[in-house]
Amino acid sequence: MTLELALVIAALLFLAGIALILLRRNLIFLLLGMELLFNAAMVIALVGGARWHSSTGQVLVVFIMALSGAALALTLALLLRVKQELGGDTVDALRHLREEADE
Amino acid sequence: MIVLLVLLLALIVLMTSAALLVVRDPMHGAVNLGISLLALSILFLVLGAPFVAALEVMLYVGAILVLFLFAIMLLRTPVQPEPEARWRPGFWWPGMLVVLLAAVLIILFTRRPLFLAVIREIGPAMIGRALFGPYLWLTEAVALLLFAVIGAVLAIQRREDHDA
């Protein structure tokens, strides 16, 4: 019962992350949604590890943490650069960049 | 009792995720994400992973969230005067979240042996043995990746043309 409820929590996190990425315009919220997606994957890996009593689930979670940290550092640096170059921190600033490139 | 605890955690995650969808200030979003991550670390403890629970608090709440806070503070434009159109006056939202987290912690620490009977723990020793045993090359690859990220961030932030 606990494992099923944990899977429900993972589904909630995944839905919230997808909704954040699709609905919000601020890039910071997009990155927060990405973190929620990584956390949903971590919950699922831990549920698998607890179900079969294996340490592989936790090892996978440690690697996911390192990967999400690396991805977040890169994207935050890109976000600061976007703010410097384009003067906005929303998705609209990036769309503006594409229109300029097309012309 | 363990089902009640996990249901409370699901409630906290649902509330903070819903708040993430509607808050306007990125700082409020970061705080809500922090509460969500704390609830998730308790969930990891319940799932029999104390090492990952500690890592969640140290890495996510301690490092990644602080990274978000730095980015938000660097991104904040000082010119817009914020017309004070806050439709949520007061502190009832974080207060409610804190009360829920406190309830979860009380349940957790009073009924801990009962939980350990349901799901057996896998301690840090087994994880370390797996990380530096069969997964040694993967661990080293991740270390190399994190080192490369430092270089990539420096390359992104480098400016050639102006105010060098």
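Good morning. Read from the N terminus, the elements of chain A follow the order α-α-α-α; that is, chain A has four helices and zero strands, where helices (H or I, at least four residues) and strands (E, at least two) are DSSP runs numbered from the N terminus.

This is a predicted model, in which local features need pLDDT of at least 70 and side-chain atom pairs count only at pLDDT 80 or more, while totals for chains, interfaces and linings use all residues. Residues are numbered from 1 along each chain as its sequence is written, and chains are lettered from A in the order in which they are written.

Let me turn to overall dimensions. Along the principal axes, the C-alpha atoms of chain A fill a box of roughly 55 × 25 × 20 Å.

Now to the partner chain. In all, 46 residues of chain A are in contact with 49 residues of chain B, a contact being two C-beta atoms, placed from the backbone, within 7 Å. Helix 1 (2–23), helix 2 (27–51) and helix 3 (56–86) of chain A each give two or more residues to this side. Helix 3 gives the most, with 19 residues.
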